[in-house]
Amino acid sequence: MNNHSITGKSAFWAISIFVTTLFCPSYGQNADVVLPFRLPFPDDMEKVNRLDFDKDGDPDAIRYTIHGDIPVMWIDDDDDMKPNDWEGDLDNDCILIDRNKDGVFAGPWDFSVDYGDEDGNGIADVQLIIANGDDKIRHEWDWSSDIMWFIDDGEEDANFGYIDWNKIDLKCWEHYGHTNFYADYHGQTAFTKMNVSSFRLHDFRYSWENPFFFFDMDNDTHSEMAIRLEDTPVFKNKPEGINGRVNNALFEDLNEGIDATFIGVLDKVYISFDLDNDNSASNEFDFDMSLQFNGEEGYDYNQMKHPFKSINGLKEADRFLFDARWRHLTELVYPDRDAAWNITFKDGNWEECWFVFDEDDDCNRWERVELLQPKDIFKHGMLNQGLDHNPQADEMGDRGEFDLDNSGKGNLYLASFDGRIHLYGAEWGAWRIDQDAYSFQGYGGLYDRSDYVRSQIKADTYATVKYSDTDENGFIDLLEYDLDGDMLFEHTLSFDALGIDDENEIINMQTSSYKSLSDLYTKMSDQMWGKAQQAIATLKTLGLNTSWYSFYMQPTSLREKYNYGYWINFYCYWDMRNYFKGTNQEDKIVEVDKAFVSGNWGLLSISKN
């Protein structure tokens, strides 16, 4: 590693200011108006410098400047460059950009992209992007930097990470519409990701998000399922409050400049499902349910090696690079795609499982329904120790449930009391109701300089439902409702007090599949709608007007059957309670509660009015 250094700020906003103020727009257009999809042309075609390392008459590298004075270097790793070429190709070549103009490539603040064509068909199968940050950031995450591998799992669409070439910056979270991301999170693909500068990382074969798999289950080019596997890095001299593992012994034999390494053990796994498979144009990502597993000894994947030959580049070019180690990799180490499901539900040693369901159906993120956390039910706001503490979580609208000893192993059940999917083994859970998706999540959780922001309307008050398993048998048996938003539960339904059995059939996730879960969603939606029709019929028997709920009477999709059916049942339940209370039939109120909790309105004995 060469001993080059620059003076720079250590906060994330420094890179944003750096790239936006120093780089001029290419093509002559305003960079904030028209998106740049290609590396700019050389500033001066007559000043392209061609380097012939092997003296065979064709260039092995090309150098020029863009944006006036920013040095660029192409390295021709597959030796197919022609004498008059002014740029390389996008199948096996490498692009180096000296963003801070210090005369050295692949150093602090610099940007590098390497392509690899594994099968030799002229289409890249792998892309490595390294966006380095400040060399003064030590012993912790560096959110001004990214190291990402995009791995094409057979699509061969030549689409990988999205780069804003005017700003020379990785923008993998930019998108058209709600969720048509420019980066390739669609279909059957994968990536790995780490946020630290390359010269601070010990072993490039490993990564933090290692990997992030996307699954196209029906060959429609959209992702119906995603599995995110995480190996939290070990940071040398980790400061208090930094999210990372601690084991300084791992650094004893390493270069003094190395700050981050990995042990090859997953400690978190996330899995998300588009259960109703409604992803399509203009709705590319609509995940409905996610599970998160946590465990320090989760899963050792050190033996899962993935060799490749196309990134090992020309050694003659190493002298131009601050740190050239990544240019000579021959393998990555990450869990196999085919093993990801069993790692999640069978082989991983997990200590707890968290569950979230996107009840207001507003989550259009590319990776998952963002997880709520088992924190204070009524505190809200990012990083405020509430359910939505996670800066990327939806403030309201999602339902979270928490199995804090993983007794249920991530298994699920379809509950009789509300007809919904619940987490078996959860000690408790909560749903902050956002009935009309007022606090629309959109695409939030971005970094804005040094702080997180959310792209959603903040809630002042909201209704809350709390779920509890008081008898510790893995099933919810106590419902508490705060429907006026005063943070006090004014209505309680105890299964034990009502004499209702709380047990339901357990859905074994290890033996399940995406198809079986998608079929379960169809079953759940149909049953929910059937219960709603039963509730409407019961109201009519009582002589109550059901036209109040005409909006909910015409569902046009599985999602609407599920959602509209729930709310019809909810309103009918309260109409019946209020009716019997108003007609002094107190004994019937208990029957209504029993029928509602059991999910069977036929249990209510009434005569036609």
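**Backbone geometry, a buried threonine and a charged patch**

Leucine 383 lies in the loop that runs between strand 21 (352-358) and strand 22 (398-403). In this predicted model, the phi angle of leucine 383 is near 60°, a positive value in a residue that is not glycine. Such a value deserves attention because most residues other than glycine have a negative phi.

A further positive phi occurs at histidine 139, where the angle is near 65°. Histidine 139 also belongs to a loop, namely the one between strand 6 (126-131) and strand 7 (146-152). With a relative accessibility of 21%, histidine 139 counts as partly exposed, because the buried class requires a value under 20%.

The peptide bond between asparagine 210 and proline 211 is another point of backbone geometry: it is cis, with omega at about -5°. Most peptide bonds, by contrast, are trans. Proline 211 is placed in strand 13, which covers residues 209-215.

Attention now turns to a helix. Threonine 344 is part of helix 2 (residues 340-347), and its relative accessible area of 1% makes it buried. A polar atom of the threonine 344 side chain lies 2.8 Å from the backbone oxygen of alanine 340.

Asp54, Asp56, Asp79, Asp80 and Glu316 form a negative surface patch. Aspartate 54, one of these residues, is located in the loop between strand 1 (49-51) and strand 2 (61-66).

Terms used
Residues are numbered from 1 along each chain as its sequence is written. This is a predicted model: local features need pLDDT of at least 70, side-chain atom pairs count only at pLDDT 80 or more; totals for chains, interfaces and linings use all residues. Side-chain values use heavy atoms; hydrogens and water are left out. Patches are made of residues with over 30% relative accessible area and no salt bridge: like charges are joined within 9 Å, nonpolar side chains (Val, Leu, Ile, Met, Phe, Trp, Tyr) within 5 Å. Accessible areas come from the Shrake-Rupley method with a 1.4 Å probe; for residues, only the protein chains shown count as cover. A salt bridge is a side-chain nitrogen of Lys or Arg within 4 Å of a carboxyl oxygen of Asp or Glu. Lys and Arg count as positive and Asp and Glu as negative; His and the chain ends are not counted. The place of a charge is taken as NZ of Lys, CZ of Arg, CG of Asp or CD of Glu. Helices (H or I, at least four residues) and strands (E, at least two) are DSSP runs, numbered from the N terminus. Buried means under 20% relative accessible area, exposed over 50%, partly exposed in between (1.4 Å probe, protein chains only). A polar contact is a pair of N or O atoms within 3.5 Å; within protein, one must be able to donate a hydrogen and the other to accept it, and residues adjacent in sequence count only if both atoms are side-chain atoms.
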